[in-house]
Amino acid sequence: MTPERILSHLIQINTVNPPGNETAAARFLKELFDAAGIASEIIEAEKGRGNFLARLGAGDRRLLFLSHTDVVPAGEDWDFDPLGGEIRNGFVYGRGALDCKGLVAAGAYAVLKLAQEKTPLNGMLIFAATADEERGGACGVKHLLEHCPEKLRADFAVNEGAEEPVCLNGQMIYFIQVGEKGTAWSRLEAKGRACHGSVPTLGDNAILKMVRALNALFAYRAEVRLIPEAEVLLSEIARIKGLDMPVNEENVDLLLDRIGDKNFSETLRAMTRMTVSPNVIQGGAKTNVVPDSCQAKVDIRVLPGQDEDYVLGELRKCVGGEIKIEVPNYHPPTFSSAQSPYYRLIEGITRKLVGRGVACLPYISSGATDSRFLRGAGIPAYGINHMAKGFDPEIRATVHGKNERIDVASLYVKAEFLVTLAKKYLG
Ligand SMILES: [Zn+2]
């Protein structure tokens, strides 16, 4: 079956998470792999939450292809059926086309192709299409690593997680994701004194206290922190843009302001500092009651070296002593080396595949993927997002948005990359 047909089938299987129902997608994959005589299994963390695992070859060397089968809800206003999986005009249409059923389809196609060609493998190729990535991974990679880590153990893994390629000054840049920022989701609480809203000066308005705190957060300028991978990336971008300037913590913003492409430059900016975004606020009960309590939830993303104490300290400096601050949800950043032979192998194959003159650069995600669990378990993981030259950059905005789709040519590029990687590493 072609990768576009595999993808079309996968899109038609409803795996919107919650509730997930990934077992239905796992069963479809199992039928494909069974027909090709490839050993595979479905491991459910809970009923319906199936993870699909397949193995090809045997030996000490182990390579893992990771992807996930669950998707986020489609939302409204699509121009086509989000669960239609229609193939038309060189595109496959529907939720998950890019995140992440496209990679599932490309990976499955690659493994089936290697089996069909009877490619001799000096080691084991593991294909894992897991559940629950979009809601924290408890039924997916996290579950597998807790209950049967041996099944995912590999020398290294490739997964989703890189930005799609960008074109800058006529130069295509492909990314290899080597790290993910950590999360430090925080909670602020202002306390006051309630009274009748008709004589407000008798009370102490907690909402107004919170407003002052949030204004201080709005004015907060996080320190620029240039980790080595970001320095490599930004130096190359400066060169490609023809900007004759060194990259250091003092002039990073000057460089970013001159990139021109706002989506790209703000993504890069988030790689160079902690970001702080108050996204939920709750307070007050009635128009005629001065509120005695107000809470805010703040999405904070941190770089290496920025632990909970650092976050607490920065918030405290900002909002002052009157606001209660908690960091109930902290996950550290995770990284895999950009100096490793695995990174160089991925880089070399990418260059060969997409052509000379293409830049291939390390990338740090502001968001998290299942790679964080692998890295936490000591398995280096690299995020890829290879697309065909000339792909429509408009489709980037469809991830987690409406009208998600992928061009068929890019599916073949992803599959070709994976086939080549398996042949090179396990050849
Ligand atoms: Zn994803």
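Reply: Gladly. This is a predicted model.

Me: What makes strand 10 and strand 15 a pair?

Reply: Two strands pair if there are at least two bridges between them. Strand 10 (residues 182-191) and strand 15 are joined by six bridges and run antiparallel, so they count as a pair by that cut-off.

Me: Which sheet do they belong to, and what is its strand order?

Reply: They are part of an open sheet of four strands, with the order 12-14-10-15 and antiparallel pairing. On average, neighbouring strands of this sheet are turned by 20° against each other, direction ignored. Helix 9 (residues 308-319) packs on the sheet and touches strand 10, strand 14 (293-302) and strand 15. The direction of helix 9 makes about 150° with that of strand 15.

Me: Why are strand 12 and strand 15 said to stand at the edges?

Reply: Strand 12 (275-283) and strand 15 (324-331) each have a single partner strand, so one side of each is left without a neighbour in the sheet.

Me: Why is Asn89 called exposed?

Reply: Asn89 has 9 C-beta neighbours inside 10 Å, so Asn89 counts as exposed. Asn89 lies in the loop between strand 4 and strand 5. Asn89 also has a positive phi of about 50°, although it is not a glycine.

Me: And what makes Lys118 buried or exposed?

Reply: The count again. With 7 C-beta neighbours inside 10 Å, Lys118 falls under the exposed label, because that label covers 12 or fewer. The place of Lys118 is the loop between helix 3 and strand 6 (122-130). Phi of Lys118 is near 55°, a positive value in a residue other than glycine.

Me: Which peptide bonds are cis, and what is their omega?

Reply: One of them runs from Pro18 to Pro19, with omega near 5°. Pro19 is in the loop between helix 1 (3-12) and helix 2 (22-35). Another cis peptide bond joins Asp99 and Cys100, where omega is about 5°. Cys100 lies in the loop between strand 5 and helix 3.

Me: What is in the largest nonpolar core?

Reply: This core has 93 residues, and Val111 and Ala422 touch the most other members. Helix 3 (residues 101-116) gives the most to this core, with ten residues. At least three residues come from each of domain 1 (3-178 + 335-425) and domain 2 (181-331). In general, nonpolar side chains tend to be buried together in soluble globular proteins.

Me: Which residues is Val111 in contact with, leaving aside its neighbours within four places in sequence?

Reply: They are Ile38, Ala54, Leu56, Leu125 and Phe127. Another core, of 19 residues, lies apart from the largest one; its members include Ala184, Val276, Val298 and Val311.

Me: How is the chain divided, and where do the parts touch?

Reply: The chain is divided into domain 1 and domain 2, with C-alpha centres 32 Å apart. Their contact takes 17 residues from domain 1 and 19 residues from domain 2. On the side of domain 1 that touches domain 2, strand 8 (166-168), strand 9 (171-180) and strand 17 (359-365) are the elements giving two or more residues.

Methods. Residues are numbered from 1 along each chain as its sequence is written. This is a predicted model: local features need pLDDT of at least 70, side-chain atom pairs count only at pLDDT 80 or more; totals for chains, interfaces and linings use all residues. A nonpolar core is a set of buried Ala, Val, Leu, Ile, Met, Phe, Trp, Tyr and Cys residues joined through C-beta atoms within 7 Å. A residue is buried if 20 or more other C-beta atoms lie within 10 Å of its own, exposed if 12 or fewer, and partly exposed in between; C-beta atoms are placed from the backbone. Domain bounds come from an automatic or database domain assignment. Two residues are in contact if their C-beta atoms, placed from the backbone, lie within 7 Å. Axes are lines fitted to C-alpha atoms, for helices over the stretch in contact, and angles run from 0 to 180 degrees between N-to-C directions.
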